[in-house]
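Let's take a walk through this protein, one piece at a time. Keep the picture beside you as you read.

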Amino acid sequence: MATVYKEFIVEADAAQVWDALRDFGAVHTRLAPGFLTGCELDGQGARIVHFANGLVARELLVALDEENRRLAYTVTDGKATHHHASAQVFAHGEGRSRFVWITDVLPDGLAAYVEPMMAQGGAAMKKTLEKANAR
């Protein structure tokens, strides 16, 4: 199984970053606008996300861990036979956070597609979270 790991520092408090991450149905407005163009909750614990590149995916919420500021989800449709991801926020000094996003995917070859999307998504998240912090 291929694993794609992205980590970045956000110039915003961990509680603020977690508040945006945990808002599962607002990922397209609070976390990654521009990278994501829409999101609808399906009433069954999943969200349907629309990516700027035209991709649409159904992501089922697996875990929302308030104490550890960790969210996990799995993609239930698409080309992958397995796609599980988690994102976690850690305090990283005063007014800073460390954002860790990990995705496991099968078949392994899909990592070459997932990795650049995660790089774009991470850049969008960092920009959005820091912009919200500047207000």
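Start with helix α1, residues 14-21, whose buried residues are Ala-14, Val-17, Trp-18, Ala-20 and Leu-21. "Buried" here means under 20% relative accessible area, with exposed being over 50% and partly exposed in between, using a 1.4 Å probe and protein chains only. Helices (H or I, at least four residues) and strands (E, at least two) are DSSP runs, numbered from the N terminus.

A quick word on what you're looking at: this is a predicted model, where local features need pLDDT of at least 70 and side-chain atom pairs count only at pLDDT 80 or more, while totals for chains, interfaces and linings use all residues. Residues are numbered from 1 along each chain as its sequence is written, and side-chain values use heavy atoms, with hydrogens and water left out.

Back to α1. Its N-terminal end is capped by Asp-13, which has a side-chain oxygen 3.0 Å from the backbone nitrogen of Ala-15. A polar contact is a pair of N or O atoms within 3.5 Å; within protein, one must be able to donate a hydrogen and the other to accept it, and residues adjacent in sequence count only if both atoms are side-chain atoms.

Now for the sheet. It is open, has 7 strands in the order β1-β7-β6-β5-β4-β3-β2, and its pairing is antiparallel. Two strands pair if DSSP finds at least two bridges between them. At the edges stand β1 and β2, each with a single partner strand, so one side of each has no neighbour in the sheet. On average, neighbouring strands are turned by 25° against each other, direction ignored. For such angles, axes are lines fitted to C-alpha atoms (for helices, over the stretch in contact), and angles run from 0 to 180 degrees between N-to-C directions.

Let's follow some of the pairings. β1 and β7 run antiparallel and are joined by 9 bridges, and Val-4 faces Thr-103 of β7. On to β6 (residues 82-91), which pairs with β7 over 10 bridges, again antiparallel. Ala-87 has Trp-101 of β7 as its bridge partner. The hairpin of β6 and β7 has 5 residues between the strands, and Gly-93 takes a positive phi near 90° there. In the hairpin of β5 and β6, with 6 residues between the strands, Gly-78 has a positive phi near 105°.

What about aromatic rings? There are 2 aromatic pairs in the structure. Rings of Phe, Tyr and Trp (its six-membered ring) pair if their centres lie within 6.5 Å; planes under 30 degrees apart count as stacked, over 60 as edge-to-face and the rest as tilted. Phe-8 and Phe-99 are stacked, at 4.9 Å centre to centre with 15° between the planes. Phe-8 belongs to strand β1 and Phe-99 to strand β7, so this pair ties together parts that are 91 residues apart in sequence. Both Phe-8 and Phe-99 are buried.
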